[in-house]
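Keep the sequence and the model beside you, and try each task before reading on.

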Amino acid sequence: MTNLLATTVAAEEYSPLLPEAAELVVGTLAFLIVLALVGWKLVPAIRRTLEERTEAIEGGLKKAEDAQAEAQALLAKYNEQLKEARHEASRLREEAREQGAAIIAEMKEQAQAEARRITEAAQAQIEAERQQALQSLRAEIGALSVELAGRVVGESLEDSARQSRVVDRFLEELEERARTQEQITS
């Protein structure tokens with residue numbers, strides 16, 4: 001029974017939570033070996049991978065920033081070109097408007113000059129025809145008045161100087177009567 005008692009006491013001293021000393025040494029040694037292998041092989045590989053990833057991310061961010069800066073520069077350049085194009089278009093519209101106004105003014109001036117020329121030519125033609133009609137009328141009136149005067153006076157007015165004086169006097173009297181009547185009516 002003593003044996004049984006010793007096993008019971010020994011069994012009571014054994015705890016599943018506390019490992020034996022030999023297991024503790026072997027476990028610690030195995031842990032240190034695994035830790036050394038991880039530190040020697042895996043940690044540098046993990047660090048390298050993390051550094052590469054960090055560099056890739058930073059490079060991507062740098063590229064994105066560069067691309068954004070370039071895009072903004074291109075946008076500013078595009079906006080400037082657009083502004084210049086609008087300004088140029090506005091200037092061209094204004095220039096075309098001015099040229100159109102100048103052409104219209106020139107055409108009006110040419111039309112007015114042509115109208116004046118035509119009017120002056122027509123007036124000159126009318127005046128020439130009027131003078132011709134007056135001369136023709138004078139000649140006819142002169143011939144009629146000489147014949148009439150010859151009948152009234154009873155003598156011949158064959159002398160051309162005398163005829164001319166009689167005709168001129170007669171026409172002046174007619175013109176004077178016409179002027180007086182115009183003054184009276186106006």
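Helices (H or I, at least four residues) and strands (E, at least two) are DSSP runs, numbered from the N terminus. This is a predicted model, in which local features need pLDDT of at least 70, side-chain atom pairs count only at pLDDT 80 or more, and totals for chains, interfaces and linings use all residues. Residues are numbered from 1 along each chain as its sequence is written, and side-chain values use heavy atoms, with hydrogens and water left out.

**Exercise 1. The overall fold**

Task: Find how many helices and strands the protein chain has, and describe its surface.

Solution: 
- Step 1. Count the elements: the protein chain has three helices and zero strands. Along the sequence this reads as α-α-α.
- Step 2. Sort the residues by cover. Buried means under 20% relative accessible area, exposed means over 50%, and partly exposed lies in between (1.4 Å probe, protein chains only). With this rule, 4% of the 186 residues of the protein chain are buried.
- Step 3. Accessible areas come from the Shrake-Rupley method with a 1.4 Å probe, and for residues only the protein chains shown count as cover. The protein chain exposes about 16,500 Å², and 60% of that comes from carbon and sulfur atoms.

**Exercise 2. Val 167**

Task: Decide whether Val 167 counts as buried or exposed.

Solution: 
- Step 1. Locate the residue: Val 167 belongs to helix H3, which covers residues 160–185.
- Step 2. Apply the cut-off: Val 167 is buried because its relative accessibility is 10%.

**Exercise 3. Salt bridges**

Task: Work out which partners Arg 91 has, and then look at Arg 179.

Solution: 
- Step 1. Recall the idea: side chains of opposite charge can pair when their charged atoms come close. A salt bridge is a side-chain nitrogen of Lys or Arg within 4 Å of a carboxyl oxygen of Asp or Glu. The whole structure has eight of them.
- Step 2. Take Glu 88: its salt bridge with Arg 91 has its closest N and O atoms 2.4 Å apart. The two residues are about one helical turn apart because they sit three residues apart in helix H2.
- Step 3. Take Glu 95: Arg 91 meets it in a salt bridge of 2.9 Å, N to O. Arg 91 and Glu 95 are four residues apart in helix H2, so about one helical turn separates them.
- Step 4. Check the cover: Arg 91 is partly exposed at 37%, Glu 88 is partly exposed at 34%, and Glu 95 is partly exposed at 34%.
- Step 5. Move to helix H3, where Arg 179 and Glu 175 are four residues apart, or about one helical turn. Their salt bridge has its closest N and O atoms 3.7 Å apart. Arg 179 is partly exposed with a relative accessible area of 43%, and Glu 175 is partly exposed with 37%.
- Step 6. Return to Arg 91: shared partners link Glu 88, Arg 91 and Glu 95 into one network of salt bridges.

**Exercise 4. A nonpolar patch**

Task: Find which residues form the nonpolar patch on the surface.

Solution: 
- Step 1. Set the rule: patches are made of residues with over 30% relative accessible area and no salt bridge; like charges are joined within 9 Å, and nonpolar side chains (Val, Leu, Ile, Met, Phe, Trp, Tyr) within 5 Å.
- Step 2. Name the members: Val 34, Val 38, Leu 42, Ile 46 and Leu 50, which together have about 420 Å² of accessible area.
- Step 3. Inspect one of them: Val 38 lies in helix H2 and is partly exposed, at 31% relative accessibility.
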